[in-house]
Amino acid sequence: MRPLKLIMSAFGPYAGQTVIDFSQLGEQGLYLITGDTGAGKTVIFDAVSYALYGQTSGGVRDANMLRSQYADADTPTFVELEFSFRGKCYRVKRNPEYRRPAKRGTGMTKEKAGAELYYPDDRVPVTRMSEVDKSIVELLGLNHKQFTQITMIAQGQFRKFLDTNTDERSKIFRDLFHTYFFQQLQDKLKQDAAAKRNEFAEQQRRSEQALNGVSCIYPAYTEQLQSFALRHYEGCVEEVLTLVDTITALDEKEQQQVAAAAAIVTKNLTALQDSLGAIAKKQQLEKYMQTTEAKMVSMQKQLEQEAAAAVQRQEALQKLEAEVNEAQKGEVELAQLQTERQQLAARQRELLQLQDMQQRYQRQEVVLLQKRQEYKQACDNFNHLNELSDTCFDRFLSAQAGLLAHDKLKPGKPCPVCGSCEHPQPVQLAQDAPTENDVEQARAKAEAAQKIRDGLIGEGKALKEHLELDKTLLLGKGVELLGCDDLKLIAERAQSELKDVNNKITALRLKMGFLQEKVEQYRKLAKTLEQQKAVDKQAEAAAQSIRQQLAGAEGQLQELKKQLAEQNELLTDVDEQKLQQEHEKLLVQQRELELQDKRLYAAIKNNQRIKQEVSGYEARRAACEAEYSLINSLSATLNGTLTGKKRVNLETYVQMHYLDKILQRANVRLLHMSRGQYELCRDKMQDADSKTGNSKTGLDLEVKDYYSGNLRSVKTLSGGESFMASLALALGLADEVQSCAGGIQLDTMFVDEGFGSLDDSSLQQAIATLQGLSEGHRLVGIISHVHDLQEMIDKKILVRKKRGQQGTGSEVALVVD
């Protein structure tokens with residue numbers, strides 16, 4: 001990777017936009033970055049590192065602190081780097097998170113951090129920050145830490161690396177060469193060894209705990225078990241298990257003896273129980289006979305009571321049947337009266353209907369009479385209005401001659417009627433002569449009166465026809481019901497008969513009410529009669545059942561008496577009290593033997609279980625012991641803790657290999673810079689002397705002085721000598737890291753300060769060494785205030801602070817001679 005152009009905007013001490021064109025420095029050689037103290041020389045390296053990885057070179061400046069304090073509020077903060085890699089040009093741009101003026105409204109807003117990567121071909125630019133980070137690592141083949149270690153050599157940091165001890169140098173190598181895997185392997189083996197050791201102890205604890213539970217009732221063996229327990233059974237588990245087998249065999253033998261004794265007791269108990277059973281059976285038979293006799297007496301008494309109750313029930317049933325028969329007569333009579341009442345009700349409805357017809361006929365006669373009066377009045381009104389209309393018309397005609405004479409006759413003009421031109425006596429126009437409108441109104445009134453008259457004629461005719469029809473129907477109904485065709489007689493006879501019918505219905509209603517009570521009484525009595533019959537039937541069935549039970553009880557009593565006689569013959573000369581005492585004694589013996597058998601059974605099973613468990617624990621403990629021996633030996637070897645051996649673990653051993661390679665590369669340059677006087681060596685004497693203790697060894701350094709032929713500590717070097725040794729070590733480390741990173745060749749390197757401690761000759765040698773690094777198209781930048789370097793190196797980047805009217809912040813200028 002070679003930087004071509006760097007643009008810094010409001011970044012660090014650079015207030016505005018600062019552009020550094022690295023392409024003007026050429027493709028190889030040294031260039032010097034010099035200028036005022038604190039002007040921002042190292043910030044140039046930070047900008048390159050931040051553009052690529054989003055982190056500064058030394059890790060001292062946080063990305064959120066990169067915005068320039070000298071910049072205007074509207075000036076954006078970003079870094080843009082153009083670089084070439086394997087002949088192709090790329091461009092990456094980043095900005096940190098910072099606050100800026102809001103584009104809308106007033107106040108400040110937060111500008112989010114962003115990144116963009118542009119490829120040389122037509123690929124879409126990468127704009128997500130995480131994707132840009134991933135793409136840069138994939139492109140260059142280096143992460144940020146590797147890039148800064150290979151391309152940016154900070155002398156202050158490498159003096160620390162030169163003087164540090166094995167522990168600190170091991171941590172650095174772990175990150176540089178990814179040796180943490182070996183450390184993880186060491187830790188894993190150490191953990192596995194501890195786990196196996198714990199498992200071994202756990203099996204031993206379980207075995208001891210199990211053996212503490214051995215059951216033993218034999219004093220001699222109990223003492224032996226206690227002596228083994230005091231030693232925690234260490235080295236005597238097999239002996240203890242043999243003792244457990246002995247105890248178990250004794251318990252099993254005793255258990256057999258207990259079983260034999262229990263069998264004898266059980267046999268004797270069985271014989272006694274048979275005798276006691278016979279006595280108990282006799283007592284049971286006697287008790288059962290007493291119960292049966294008492295039951296028979298009770299059943300006999302029930303039968304006598306039931307016989308008396310049956311007589312009473314028969315008398316009650318006969319009385320109920322008589323009452324029911326009497327009530328049945330009332331039900332028949334009630335049915336007859338119901339029929340008669342229905343007939344009278346039908347006659348009543350017919351007579352009421354006849355009365356309704358007669359009343360309707362009478363109402364229609366009144367209406368017809370009213371219509372006839374209205375017709376007479378309408379005729380009189382029509383005749384009057386018609387006469388007035390004719391009179392009005394005649395007067396209108398008479399007045400026409402006066403109107404003609406008044407309007408048409410003029411002297412000397414012919415008359416429109418006779419044609420005469422003389423008019424000696426014209427008719428005079430009457431003052432009250434009706435007009436044509438008066439004639440029309442009089443005629444309209446007469447016509448309206450005529451319509452009313454004609455309408456009443458039609459209504460009267462229809463009423464008369466309807467009245468004749470109702471009369472015919474009324475007379476027909478009177479003949480049918482009463483045998484009479486006279487309207488007056490029909491009304492009288494219908495009224496009289498209707499009165500008689502109503503009286504009969506009233507009398508029937510009273511009589512039927514009385515009979516209805518008798519019918520209800522009959523129904524209740526009939527229901528009661530049925531219930532009593534059912535009760536009587538059930539009582540008879542119960543009595544029959546008692547008779548059957550009584551017969552069965554008599555037979556059973558005879559059988560019990562026979563069995564009791566047999567039991568009495570068997571129990572002649574038997575002492576029940578003595579048998580009971582012997583039985584109780586045998587029961588006590590049986591319970592004691594059962595308890596003893598259970599105890600022995602539990603002890604045998606417990607000891608057998610303990611032996612099985614302990615055998616398993618011992619087998620697992622032996623396996624754990626073998627595995628622990630192997631893993632612990634391997635762990636001690638890899639962790640460098642073997643007794644009498646050098647305390648070098650596997651990770652340190654691998655790191656020693658890397659350190660030897662780094663020293664080979666470093667000594668090529670250190671011998672040249674020190675004119676063959678110094679060579680860095682790994683302190684192998686300390687490795688040989690540190691076979692005990694807890695300190696880690698293997699990565700300590702010493703320097704060989706060929707002028708004196710002695711080996712001494714690197715801490716005895718002077719300032720200039722330490723700088724040369726540190727520079728050589730840094731360059732060797734950079735070469736080795738670069739080699740381990742896949743043979744990546746970077747075209748740029750930066751070296752920061754440290755040259756002020758060198759004398760002229762050493763400075764010449766150091767510059768010559770760096771010039772050797774710049775061969776093969778490599779560009780090496782040096783940060784230094786040393787005045788001699790400004791004369792020795794032609795290409796320069798001058799960084800200075802702005803003062804006074806020039807503004808604030810820093811500025812950069814390229815000097816290429």
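Student: How many residues does the largest nonpolar core have, and which have the most contacts inside it?

Tutor: In this predicted model, the largest nonpolar core has 43 residues. Those with the most contacts inside this core are Leu6, Ile44, Leu52, Phe83 and Ile797. Helix H1 (residues 41–53) gives the most to this core, namely nine residues. Apart from this core lies another, of 42 residues, including Phe177, Phe723, Leu727 and Val786.

Student: With which residues is Leu6 in contact, leaving aside its neighbours within four places in sequence?

Tutor: Among them are Thr18, Val19, Ile20 and Phe22, together with Ile44, Ala47 and Val48. Val79, Glu80 and Leu81 are also in contact with Leu6.

Student: Let us turn to charged pairs. What makes Glu199 and Lys196 a salt bridge?

Tutor: The closest N and O atoms of Glu199 and Lys196 are 3.4 Å apart. The criterion asks for a Lys or Arg side-chain nitrogen within 4 Å of a carboxyl oxygen of Asp or Glu, so the pair qualifies. Both residues lie in helix H6 (residues 180–211), three residues apart, about one turn of the helix. A search of the whole structure finds 18 salt bridges.

Student: Why is Lys196 called buried, and why is Glu199 called partly exposed?

Tutor: Lys196 has 18% relative accessibility, and buried means under 20%, so Lys196 counts as buried. Glu199 has a relative accessible area of 32%, which falls between 20% and 50%, so Glu199 is partly exposed. Leaving aside neighbours within four places in sequence, Lys196 is in contact with Cys624, Glu627, Tyr628 and Ile631.

Student: How do you know that Glu613 and Arg609 form a salt bridge?

Tutor: Their closest N and O atoms are 3.1 Å apart, and the limit is 4 Å, so the pair meets the definition. Glu613 and Arg609 both lie in helix H11 (residues 576–639), four residues apart, about one turn of the helix. Glu613, at 28%, and Arg609, at 38%, both count as partly exposed.

Student: What makes Arg712 and Asp705 a salt bridge, and is each of them buried or partly exposed?

Tutor: The closest N and O atoms are 3.7 Å apart, within 4 Å, so the pair counts. Asp705 is buried because its relative accessibility of 7% is under 20%. Arg712, at 23%, counts as partly exposed. Elsewhere, salt bridges that share partners join Lys196, Glu199 and Glu627 into one network.

Student: Why are S10 and S12 said to stand at the edges of their sheet?

Tutor: Three strands form an open sheet in the order S10-S11-S12, with antiparallel pairing. Strand S10 (678–682) and strand S12 (710–713) each have a single partner strand, so one side of each is left without a neighbour in the sheet. The twist averages 35° from one strand to the next.

Student: How do you know that S10 and S11 pair?

Tutor: Pairing requires at least two bridges, and five bridges join S10 to strand S11 (residues 701–705), so the two strands pair. They run antiparallel. Glu679 stands opposite Lys704 in S11.

Student: Which helix lies across S10 and S11?

Tutor: Helix H12 (residues 650–673) lies across both strands, running at about 175° to S10.

Terms used: Residues numbered from 1 in each chain as written. Predicted model: local features only at pLDDT ≥ 70, side-chain atom pairs only at ≥ 80, totals over all residues. Heavy atoms only, no water. Buried < 20%, exposed > 50% of the residue type's maximum accessible area, 1.4 Å probe, protein only. Core = buried A, V, L, I, M, F, W, Y, C linked by side-chain atoms within 4.5 Å. Contact = heavy atoms within 4.5 Å. Axes fitted to C-alpha atoms, helices over the stretch in contact; angles between N-to-C directions.
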